[in-house]
Amino acid sequence: MITKRIIPCLDVKNGRVVKGVNFEGLNDVASPVELAQYYSSCGADELVFYDITASAEGRALFTDILTETASKVFIPLTVGGGINTVADFDRVLKCGADKVSVNSGAIRNPDLIYEAAKLYGDQCVVISADVKRQDGAFRVYAKGGREDTGMEAISWIKRCVDNGAGEVVLNSIDTDGVKGGFDLEMLEAVSNAVNVPVIASGGAGKIEDFITLFKTLPKVDAGLAASIFHFGEVKIADLKAAMAKAGIPTRL
Amino acid sequence: MIAIIDYGVGNLFSLKSSFAAIGEEAVVTSDAAVISQADRLILPGVGAFEDAAKKLSDSGMAEVVKREAQSGKPIMGICLGMQLLFEKSYEYGEHEGLGLIGGSVRPIADVIDKELKIPHIGWNRLIVKKQSPLFKYLSDGDCVYFVHSYYATDCEDAVTATAEYSAELTASVEKDNVYGCQFHPEKSGDVGLKILKAFCEI
């Protein structure tokens with residue numbers, strides 16, 4: 001049986017790991033390479049590297065950091081932030097990324113997912129959506145959660161999957177940084193709409209939040225978080241031991 | 001020295017790095033002379049079977065791999081590289097493989113429950129069926145990382161481990177000096193590195 005994945009997310013800016021609460025008030029945490037090695041040794045199942053400011057400032061990803069990480073860390077590595085063209089896919093895949101996550105780039109150019117999936121395979125393309133409730137509907141936001149696109153989220157995500165996205169990262173802006181648990185309602189709506197892996201993001205504050213997530217929504221494949229791991233509020237080894245104890249398929 | 005066979009398919013950066021991490025020298029090459037001097041060979045592969053089989057044959061690497069395998073040199077196919085070791089694949093049609101191991105490659109959709117996601121992607125537990133030198137350093141319950149939509153079948157004698165995904169899917173195979181892993185040892189953390197280390201000690 002496939003195990004549920006625990007994925008620390010490293011938001012990278014100027015070569016350092018940062019994490020914003022509701023995407024603002026960034027704090028400097030540590031070296032991405034060191035943190036990645038540490039997480040891999042603690043039992044993280046996968047890592048996500050996001051260049052969080054790339055869409056706003058058009059800055060290129062720090063491919064040196066990626067290359068160094070991929071030469072030292074041997075678990076799957078997903079890269080996102082500033083992915084706007086197929087050439088961007090090529091650039092990060094050559095540096096050792098296994099999957100590439102698109103967000104604003106797919107909103108600007110809806111053909112991007114189709115083109116990339118055709119070239120690199122569906123399993124390589126991840127659609128990352130920042131979603132917020134507005135007037136009783138789920139709406140897609142762009143540019144790191146700063147810009148309302150006006151698009152309805154479920155139909156947008158379905159369209160991306162139909163175009164070849166092999167995985168969905170659903171980040172709830174409503175619960176992000178609040179540490180009150182994952183956005184189960186939003187996650188349920190998305191995981192009922194698509195038949196590719198769904199990764200929950202935004203809102204985890206403690207071990208029980210992950211247990212609740214996987215127990216309530218067995219269709220969700222993975223839980224992603226950043227600051228609670230970076231600051232040691234949740235230790236990955238403890239989290240995975242608790243998941244296994246709760247009967248959730250877990251890689252120990 | 002380990003030769004990672006380069007025939008224009010996929011990214012070999014992680015694979016090369018993973019051998020460096022266990023202190024083994026690995027070169028990515030399509031030079032028949034280098035391959036012939038190597039102690040061990042890795043046949044990598046991602047993407048579609050037909051395209052990869054054609055590239056393997058067009059580059060001349062298919063003949064080189066067959067010759068080296070017949071000479072008794074340890075060779076390990078990884079993911080699509082493992083599938084290429086078989087006689088044929090039914091991925092979008094019917095295509096010939098290297099024929100180093102008897103059996104064929106078919107869609108996992110044929111055997112898994114309908115509600116399960118395809119590809120079979122993520123960490124899954126190895127169910128050891130037969131002892132293999134590759135498993136020398138493994139412990140019970142070890143997980144490895146899979147990404148695939150096709151699986152090897154009709155190869156019962158060669159299967160050394162499976163993974164459960166409503167059906168038991170072939171995870172690794174072995175026939176004499178020819179080894180294959182459906183999963184990615186270079187993406188399977190310490191467990192994967194232990195498998196590569198064991199391969200280097202055969």
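The model is predicted.

Asp135(A) also stands out in its backbone. Its phi is positive, about 50°, although Asp135(A) is not a glycine. The residue sits in the loop between strand E7 (125-134) and strand E8 (137-142) of chain A. Most residues other than glycine have a negative phi, and most peptide bonds are trans.

Tyr92(B) is not a glycine, yet has a positive phi of about 50°. Its place is the loop between strand E5 (86-89) and E6 of chain B. Tyr92(B) has 11 C-beta neighbours inside 10 Å and therefore counts as exposed.

The bond joining Ile118(B) and Pro119(B) is cis, with omega at about 5°. Pro119(B) belongs to the loop between E7 and E8 of chain B.

Now to helix H7 of chain A, residues 153-162. Its buried residues are Ala153(A), Trp156(A), Ile157(A), Cys160(A) and Val161(A). Down the axis of H7(A), these buried residues fall within an arc of 135°, so they line one face of the helix. An α-helix has 3.6 residues a turn, so residues three or four places apart point the same way. The face of H7(A) turned away from the buried side carries exposed Ser155(A) and Asp162(A). Just after H7(A) comes Gly164(A), with a positive phi of about 125°.

Back in chain B, 4 strands form an open sheet in the order E6-E5-E7-E11. The pairing is mixed. Strand E6 (95-96) and strand E11 (150-153) are the edges, each pairing on one side only. Strand E7 (residues 101-107) runs antiparallel to E11(B), with 4 bridges between them. In one of these contacts, Ser104(B) has Thr153(B) of E11(B) as its bridge partner.

Last, the interface. Here 23 residues of chain B are in contact with 22 residues of chain A. On the chain B side, helix H1 (13-21), strand E8 (120-125), strand E10 (143-148), strand E12 (159-165) and helix H6 (189-200) each supply at least two residues. H1(B) gives the largest share, 5 residues. By type, the chain B side divides into 10 nonpolar, 9 polar and 4 charged residues.

Conventions. Residues are numbered from 1 along each chain as its sequence is written. Chains are lettered from A and ligands numbered from 1 in the order in which they are written. This is a predicted model: local features need pLDDT of at least 70, side-chain atom pairs count only at pLDDT 80 or more; totals for chains, interfaces and linings use all residues. Two residues are in contact if their C-beta atoms, placed from the backbone, lie within 7 Å. Ala, Val, Leu, Ile, Met, Phe, Trp, Tyr, Cys and Pro count as nonpolar, Asp, Glu, Lys and Arg as charged, and the others, Gly among them, as polar. A residue is buried if 20 or more other C-beta atoms lie within 10 Å of its own, exposed if 12 or fewer, and partly exposed in between; C-beta atoms are placed from the backbone. The arc is that of the directions from the helix axis to the C-beta atoms. Two strands pair if DSSP finds at least two bridges between them.
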